[in-house]
Amino acid sequence: TATAKIYGSRKQLLFKIGRADRILSIGCDFLGVDHIADDATGAFSARRNVEGGTDATSMNRLYVLEHQYTVTGGMADHRHPVKVGDMPVVTAQIAAKVGELAGDKGLVTLASKLAKGAASSSVSAWVEGVAKDLFSARGKGLVVAGSRLDAGLHALVMAMNVALGNVGEEQPVEVVVTELQKSGSITDLAAAMKAGEVSTLVISAESDPVYSAPADLGFAALL
C-alpha cells in the first residue's frame, strides 16, 4: 500500500473524520467505496447535523477533487471535476499554496516541481479557496487521497497534512504502529486439522492446497 511505502510495513494512518472541520478529498470516495476509517459515514454525518439548536458553524466543510462522480462528490459543499491526468497537477497546485501559507519551503519546492502547466482561472480560484480554508482550520483539517492514486501523490497529501498541523494524537490524522501478524505454515494447519482443532476452514487464496500442499500432508483427506 501507499502507506507502507511511505512509512514502513508496521505503520498505518488513522483518520478521525469526526474531528475534521475541513476535509479535502482527492479522488477518494470515503463515503462510498474507499474504506479509510470505521464508520466514516456516521462520523461525517454527525458533523452535518444542526438540529437541536446546534450552531451551524460547527458543521464540517467538504471539498472534493475527482475525475468521476462519486457518493462523496455528491455530498461535497464544493466539488471540482478534473481529468484524471490533471489530478496530480491540481493537487500539486493546492499543495504549493498550502506550503506558501504555512511557510513550509520544502513543500513549496516539492509541489512546484509537480505543478506544471498553467491552470484555468476557474481552477486557480478553486485551488486558492481550498488552500486558504484548509489553512484557516489548521490542526482541524484533513486531506485524503484515493486508493487508486500512486504513492507519490499520497506522500504529497500527507505533506500537506503535516504542514497544516493536522497530524497527531488529538488531530484528525494519526500515524500508528501496528503489530506484525505471524502466520502459521500449511504444516501447522494440517496438524491442527488432524487433531480436530479446526471445525470450519475458509480458503480465500487463489491457490488450492489440495494440489499445492506437500503430498505427505494428505490435505485432501483432511477436508
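Among contacts in this chain (heavy atoms within 4.5 Å) between residues at least 6 apart in sequence, 65% join residues that are at least 24 apart. This is a predicted model, in which local features need pLDDT of at least 70 and side-chain atom pairs count only at pLDDT 80 or more, while totals for chains, interfaces and linings use all residues. Residues are numbered from 1 along each chain as its sequence is written, and side-chain values use heavy atoms, with hydrogens and water left out.

The chain has 10 helices and six strands, which are DSSP runs numbered from the N terminus, helices being H or I of at least four residues and strands E of at least two. Of its 223 residues, 37% count as buried, where buried means under 20% relative accessible area, exposed over 50%, and partly exposed in between, with a 1.4 Å probe and protein chains only.

Now to the interior, and to nonpolar cores, meaning sets of buried Ala, Val, Leu, Ile, Met, Phe, Trp, Tyr and Cys residues joined through side-chain atoms within 4.5 Å. The largest has 28 residues, and Leu-24, Ile-26, Ile-94 and Met-160 are those with the most contacts inside it. Among the elements that give two or more residues to this core are β2 (22-26) and α7 (151-163), but α4 gives the most, with seven residues. A second, separate core of 19 residues includes Phe-30 and Met-158.
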